[in-house]
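Hi,

Here is the structure I promised to pass on. Have a look at it first, and then read my notes below.

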Amino acid sequence: MKRGIAVFASAAALMAFTYFVAGKWAIHHTTLAMADILRGDRDVTVEVSVRRDREIQSMAEMIDLPVVILSHGNTVKHTEYSFLTNTFAARGYLVVSIQHDLSTDDPMVTKAGEEYVGRRSQYNRGIANILFTIERLKQLYPNADYRHLTLVGHSNGGDISMYFAKLHPELVKKVVTLDNLRVPFVTDGRVKILSFRSRDPQFKPDPGVVPDDETCAKAGIQVVKTEFQHNDLSDRGSDQVKGFIEGAVHDFLNELGEDDSPFNLPRLGKPRPTIDQLAAAVPER
């Protein structure tokens with residue numbers, strides 16, 4: 001097991017170096033502060049990340065950039081998912097991370113017994129943010145594919161992503177969630193889904209959210225059960241946790257074979273360690 005962990009650590013270190021180079025030289029990060037006049041000039045701040053060579057090709061009308069919309073979890077900022085932003089941007093995606101919650105918003109309250117525990121208004125607000133952002137981005141990045149979105153979300157952001165896919169399936173191609181808890185998965189098979197699940201006793205999915213194994217197999221849904229804590233599925237997690245998620249995302253995208261990736265995760269001739277191996281390497285709290 002120690003050898004497996006060592007191999008994983010070497011791969012993670014090499015990945016970290018790769019993404020340091022990519023972030024410093026190859027990936028262009030831009031912050032956009034916008035206001036939606038149709039919603040009382042609501043502030044919508046986004047971080048846009050794109051590989052420079054792909055951005056230039058898009059501007060020259062040589063390609064249409066695939067688009068990732070990333071939605072943060074409750075109390076986590078939209079900028080706290082840089083490991084995922086870099087993973088997708090390095091593979092050639094236009095990555096758009098949206099700040100959904102504002103300090104002026106009412107606090108999120110759980111209302112047991114209500115649909116989605118009373119959080120439909122937050123989901124609708126998130127969907128409005130996504131649609132508004134897409135319309136503005138069409139002006140800045142006209143040569144991008146906004147009709148085959150990849151949605152990525154953590155916790156409440158994962159629920160926003162899944163709810164968007166439920167309401168606008170014609171715009172969504174892939175969904176990656178990190179421990180969404182309220183909105184049931186789309187199971188008609190039209191959307192490719194990868195979902196990471198924590199083993200956090202304080203964060204349990206509502207009944208019916210995660211499909212059973214048979215439904216997942218029929219719909220092509222990949223569920224990755226981990227030993228991680230709920231809030232570790234962000235930049236707050238350890239390098240081991242983030243490295244494991246990055247590797248699984250790479251595998252998921254490699255299987256689909258639809259993007260351009262000069263920064264593939266090196267395997268060093270060894271398979272990625274199992275969840276049990278990784279859990280043994282993560283220090284207890």
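**What I found**

Let's start with Val 117, which counts as buried at 9% relative accessibility (buried means under 20% relative accessible area, exposed over 50% and partly exposed in between, using a 1.4 Å probe and protein chains only). Before I go on: this is a predicted model, where local features need pLDDT of at least 70, side-chain atom pairs count only at pLDDT 80 or more, and totals for chains, interfaces and linings use all residues. Residues are numbered from 1 along each chain as its sequence is written, and side-chain values use heavy atoms, with hydrogens and water left out.

Back to Val 117: you'll find this residue in the loop between β4 (94-98) and α4 (120-140). (Helices are DSSP runs of H or I with at least four residues, strands are runs of E with at least two, and both are numbered from the N terminus.) Most residues other than glycine have a negative phi. Val 117 has a positive one, near 45°. Asp 179 has a positive phi too, near 65°. Asp 179 sits in the loop between β6 (172-178) and β7 (192-197), and it is buried, with a relative accessible area of 1%.

Next, the helices. How do α4 and α5 pack? Their axes are 9 Å apart, at an angle of about 70°, with α5 covering residues 156-167. (Axes are lines fitted to C-alpha atoms, for helices over the stretch in contact, and angles run from 0 to 180 degrees between N-to-C directions.) The two helices are therefore roughly perpendicular, the word for 65 to 115 degrees; under 35 is roughly parallel, over 145 roughly antiparallel and the rest oblique.

Rings of Phe, Tyr and Trp (its six-membered ring) pair if their centres lie within 6.5 Å; planes under 30 degrees apart are stacked, over 60 edge-to-face and the rest tilted. That rule gives five aromatic pairs. One of them is Phe 228 with Phe 244, edge-to-face at 6.0 Å centre to centre and 75° between the planes. Phe 228 is in the loop between β8 (221-225) and α7 (239-256), while Phe 244 is in helix α7, 16 residues apart. Phe 228 is buried at 4% relative accessible area, and Phe 244 is buried at 4% as well.

Cheers!
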